[in-house]
Amino acid sequence: YCLYQLLDDLAHMGAGEHLAALILEEEEIKSVLPVIRAYYAAFFSIHEERLAREVVGADDPWEILSNFPLYPRYEALIKGQMEWMPALSQMRVAFIGCGPVPMSLILMNRLFGTRSLGLEASRKSVQLARAVVQSLGLESHIEIIHGDDFMLKDVDWDAVLVAALAEPKERIFGNLRTLLAERNRHVPIIYRTYTGMRAVLYEPVSPTDTKGFRIVKKIFPTGRVNNTTIFAQLEE
């Protein structure tokens with residue numbers, strides 16, 4: 001946890017986009033980014049599983065969740081996303097890579113009443129996510145299913161949200177291109193990525209990954225929020 005705090009401070013240095021790119025492209029730093037990013041992903045996996053078990057076993061699960069140190073960051077992330085596209089509150093949002101604590105889906109419903117579907121490839125995480133949703137009394141609003149982006153063709157949704165740590169990005173966006181070409185080209189696609197110094201934490205989504213999509217809006221993070229939220233649509 002101490003290592004995570006150090007990385008988090010580093011990620012929120014007051015460096016602009018240009019300086020951040022120069023720093024992260026420096027050979028000595030670039031050579032260790034894969035290790036740093038693997039650590040970050042592993043930390044979150046362990047931390048979220050622990051949080052899920054605490055929520056499920058609590059007498060007051062909402063208290064445990066709202067006292068989670070990163071809760072304010074998720075809240076700010078969701079508010080920025082929903083304020084730019086209020087229509088999401090009336091849609092069924094499919095979230096690829098929801099994890100054992102589907103915080104985004106929980107807050108989208110709690111703050112805006114959004115109904116959603118969480119897709120998760122790990123069976124253990126699916127079991128935990130379902131238990132978390134049930135303990136919060138949200139099972140009629142949030143459905144969790146075992147699967148990945150391939151499952152999108154078999155379920156109903158009006159918009160898609162791709163988690164920052166969902167992988168592999170190129171395949172996910174490739175499947176989305178095919179589905180939208182067959183269904184509705186104007187369905188909103190929202191994905192999260194890391195920009196500036198925050199990219200020290202995880203590999204950013206690349207233009208190659210999102211080939212065939214055009215960016216409609218970027219919401220850059222403020223404060224201690226990590227993710228940049230990007231709204232995209234399939235190119236005509």
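1. Take α3 to begin. With 30 residues at 1.5 Å a residue, α3 should span 44 Å, and its end C-alpha atoms are 44 Å apart, so the two values agree. The expected span is 1.5 Å times one less than the number of residues in the helix. Helices (H or I, at least four residues) and strands (E, at least two) are DSSP runs, numbered from the N terminus.

2. A word on the basis. This is a predicted model: local features need pLDDT of at least 70, side-chain atom pairs count only at pLDDT 80 or more, and totals for chains, interfaces and linings use all residues. Residues are numbered from 1 along each chain as its sequence is written, and side-chain values use heavy atoms, with hydrogens and water left out.

3. α3 bends by about 40° at leucine 33. A proline, proline 34, follows within four residues. The bend is the angle between axes fitted to the seven residues ending at a residue and the seven starting there.

4. Which residues of α3 are buried? They are Leu33, Ile36, Arg37, Tyr40, Phe43, Phe44, Glu48, Leu51, Ala52 and Val55. Buried means under 20% relative accessible area, exposed over 50%, and partly exposed in between (1.4 Å probe, protein chains only). The buried residues of α3 pack against α1 (2-11), α2, α4 (61-66), α5, α6 and α7.

5. Now the open spaces. The largest pocket holds about 800 Å³ of space. Its lining has 43 residues, with Glu48, Gly97, Gly99, Ala163 and Leu165 nearest the centre. Two or more lining residues come from each of α3 (27-56), α5 (71-84), β1 (92-96), α6 (103-112), β2 (115-120), α7 (123-135) and α8 (169-182). α3 gives the largest share, six residues.

6. Some terms for these spaces. On a 1 Å grid over the protein atoms alone, a cavity is a set of points where a 1.4 Å probe fits but cannot get out. A pocket is an open set with protein on both sides within 12 Å along at least five of seven lines, and lining residues have an atom within 4 Å of a point. Grid points are joined across faces, edges and corners, and a volume is the space filled by probe spheres set on the points.

7. The lining of the largest pocket divides into 24 nonpolar, nine polar and ten charged residues. Ala, Val, Leu, Ile, Met, Phe, Trp, Tyr, Cys and Pro count as nonpolar; Asp, Glu, Lys and Arg as charged; the others, Gly among them, as polar.

8. The second largest pocket has a volume of about 430 Å³. Tyr194, Thr195, Ala199, Pro204 and Val205 are the closest to its centre, out of 26 lining residues. α2 supplies the largest share of this lining, six residues.

9. There are two cavities of 30 Å³ or more. The largest cavity, of about 40 Å³, is lined by Tyr1, Tyr4, Phe43, His47, Phe68, Pro69 and Leu70. The second largest cavity has a volume of about 30 Å³. Phe44, Glu48, Leu51, Phe68, Tyr74, Val101 and Met103 line it. α3 gives the most to that lining, with three residues.

10. Last, proline 100, in the loop between β1 and α6. Is proline 100 buried or exposed? At 7% relative accessibility, it counts as buried. Leaving aside neighbours within four places in sequence, proline 100 has contacts (heavy atoms within 4.5 Å) with Glu48, Glu49, Ala52, Ser125, Leu128, Ala129 and Val132.
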